[in-house]
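Please consult the sequence and the structure shown here while reading.

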Amino acid sequence: MTLDGEALEQLRKRAKAGGADRYHAANAAKGKLFARERVALLVDEGSFVEDGLYANAMAEGLPADGVVTGTATIDGRQVCLMANDSTVKAGSWGARTVEKIIRIIERAYATGVPMVYLVDSAGARITDQVDLFPGRRGAGKIFWNQVRASGSIPQVCALFGPSAAGGAYIPAFCDVVAMVDGNASMYLGSDRMVEMVTGEKTTLEAMGGAKVHCAESGVGHFLCKTEAEALDVVRRYLSYLPANWTQQPPVAEAVPAPEKADLAALVPASERQAFDMRRYVKGLLDDGSFFEIQALWAKELTIGFGRLNGEVVGVVGNNSMFKGGVLFVDSADKATRFVQLCDAFNVPLLFLSDVPGFMVGTAVEKQGIIRHGAKMITAISEATVPKICVVVRKAYGAGLYAMAGPGFEPDATIALPTAKIAVMGAEAAVNAVYANKIAAIADPDERAAFVAEKREAYERDIDIVRLASELVVDAIVEPHELRTELVRRFAAARGKERHFSRRRHGVTPV
């Protein structure tokens with residue numbers, strides 16, 4: 001069949017129009033944009049070059065086979081992207097859909113540029129399963145390519161609607177996922193399937209909605225109110241990362257720390273009094289540069305990107321405002337993944353320690369706290385980017401190890417005057433050593449005096465000046481000196497040799 005100019009133009013218009021008007025209207029009623037509108041909002045104007053526009057053009061009602069793929073620039077930097085068109089059979093996958101997605105990930109990997117996924121899909125078309133599911137270029141090849149690309153190029157997902165069944169693994173294999181509250185969901189089986197298999201009655205929102213995944217499961221990273229906000233998350237996330245693992249993160253213009261930041265005033269004298277590590281981080285970094293990740297999940301640990309004098313750093317900080325800053329199973333996992341992300345893309349790591357240690361007790365032991373803690377410590381050990389440990393207030397027990405303490409080859413261990421490093425806090429230590437003696441003292445005043453004496457002796461034993469004199473810590477700095485100290489030390493560590501071990505890969509304590 002030959003096409004004249006007018007026929008080709010009509011074919012192009014049909015392919016770009018997506019599904020029927022009623023599907024566009026239904027999406028608009030939910031506050032959802034058309035897939036091509038999402039692409040236009042995300043990328044630089046006029047930069048998008050589409051591939052596979054005419055996929056399944058001979059079929060009725062399958063324009064572009066329900067997915068938009070191509071290349072573009074975001075803030076002048078090249079990316080590859082895909083966007084499900086939910087007006088075409090609810091964004092479901094056919095054989096050509098799968099092939100287009102595979103091809104664009106392969107292109108991103110081959111050219112060394114970030115891969116962006118704009119997801120809104122009901123999953124595989126069961127009627128086409130033989131064509132799209134089991135073969136060498138079937139849906140499994142999507143995930144194979146994502147795993148191969150992981151740590152080689154940034155992969156970021158914005159989720160606007162469902163990501164169902166096997167398709168839920170596209171977000172799961174991305175570095176981060178932004179989810180639009182009220183519309184986005186991830187689930188392996190629909191609510192109807194769950195009831196059929198398990199008897200449980202639930203809803204998609206209760207089982208796999210945005211709040212569930214951003215606050216409870218940890219699969220989601222950013223809970224967004226609107227689609228524009230989710231697209232902004234994609235844009236901002238990529239602004240902190242290089243195009244691929246061989247490059248350095250982009251440098252921005254240096255910005256001073258906030259003028260009103262008083263780091264000393266933020267840290268209470270008593271370690272029993274909580275403070276918000278997020279405020280501390282914002283007061284330390286370039287003003288306005290902190291980009292927190294997974295703010296709603298495992299809040300006892302704060303992670304995110306920021307800049308020091310224009311240079312990108314990844315921050316891991318204990319937040320005593322939540323669960324006293326104790327490390328739990330989820331916070332160990334949260335740290336593990338973020339440290340691996342930073343190490344993959346050459347982002348130096350800053351650890352801000354105020355940690356009592358890992359949680360103890362029957363519940364967490366059954367959840368595998370030892371295994372998860374080992375996983376976190378593995379990631380800290382394997383990270384070869386410049387890393388600096390700052391003991392802001394305390395680093396007790398294995399918490400010191402998990403926060404890149406001296407035994408884990410940080411480029412520096414810095415202590416503030418408020419810092420304490422010990423196997424455990426004074427109160428717990430005195431109780432552990434002298435429990436029987438304390439119990440045997442009948443007089444309350446005598447007992448209190450005995451405890452106070454032993455606590456004072458313990459505090460002298462772990463005095464931060466003593467630790468500095470024995471080279472456990474490399475420097476003791478005042479809070480107002482910390483930013484300048486970090487800028488200089490990270491600059492000095494920038495060219496470090498990054499080999500870790502003679503092996504193919506370790507065996508992670510998953």
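## A buried ring and its partner

Phe-143 is buried, with a relative accessible area of 16%; buried means under 20% relative accessible area, exposed means over 50%, and partly exposed lies in between, for a 1.4 Å probe and protein chains only. Phe-173 counts as partly exposed at 30% relative accessibility.

The model is predicted, so local features need pLDDT of at least 70 and side-chain atom pairs count only at pLDDT 80 or more, while totals for chains, interfaces and linings use all residues. Residues are numbered from 1 along each chain as its sequence is written, and side-chain values use heavy atoms, with hydrogens and water left out.

## Aromatic pairs

Rings of Phe, Tyr and Trp (its six-membered ring) pair if their centres lie within 6.5 Å; planes under 30 degrees apart count as stacked, over 60 as edge-to-face and the rest as tilted. By this rule there are twelve aromatic pairs. One of them is the tilted pair of Phe-143 and Phe-173, with 6.0 Å centre to centre and 40° between the planes. This pair links distant parts of the chain, 30 residues apart: Phe-143 belongs to helix 6 (residues 140-149), and Phe-173 to the loop between helix 7 (169-172) and strand 6 (176-180). Helices (H or I, at least four residues) and strands (E, at least two) are DSSP runs, numbered from the N terminus.

Tyr-434 and Phe-450 form an edge-to-face pair, at 5.6 Å centre to centre and 90° between the planes. Tyr-434 is in helix 18 (residues 426-440) and Phe-450 in helix 19 (residues 444-461), 16 residues apart. Tyr-434 counts as partly exposed at 28% relative accessibility, whereas Phe-450 counts as buried at 12%. Elsewhere, ring pairs link Phe-222, Tyr-237, Tyr-240, Phe-291, Phe-305 and Phe-338 into a cluster.

## Strand 11 and its neighbours

Phe-305 also has a place in strand pairing, as its bridge partner in strand 11 is Gly-314. Strand 10 (residues 301-308) and strand 11 run antiparallel and are joined by eight bridges; two strands pair if DSSP finds at least two bridges between them. They form a hairpin with two residues between them, and Asn-309 in the turn has a positive phi of about 55°.

Strand 11 also pairs with strand 12 (residues 349-355), in the parallel sense, over four bridges. Gly-317 has Leu-352 of strand 12 as its bridge partner. Seven of the eight residues of strand 11 (residues 311-318) are buried, so this strand is largely enclosed by the rest of the structure.
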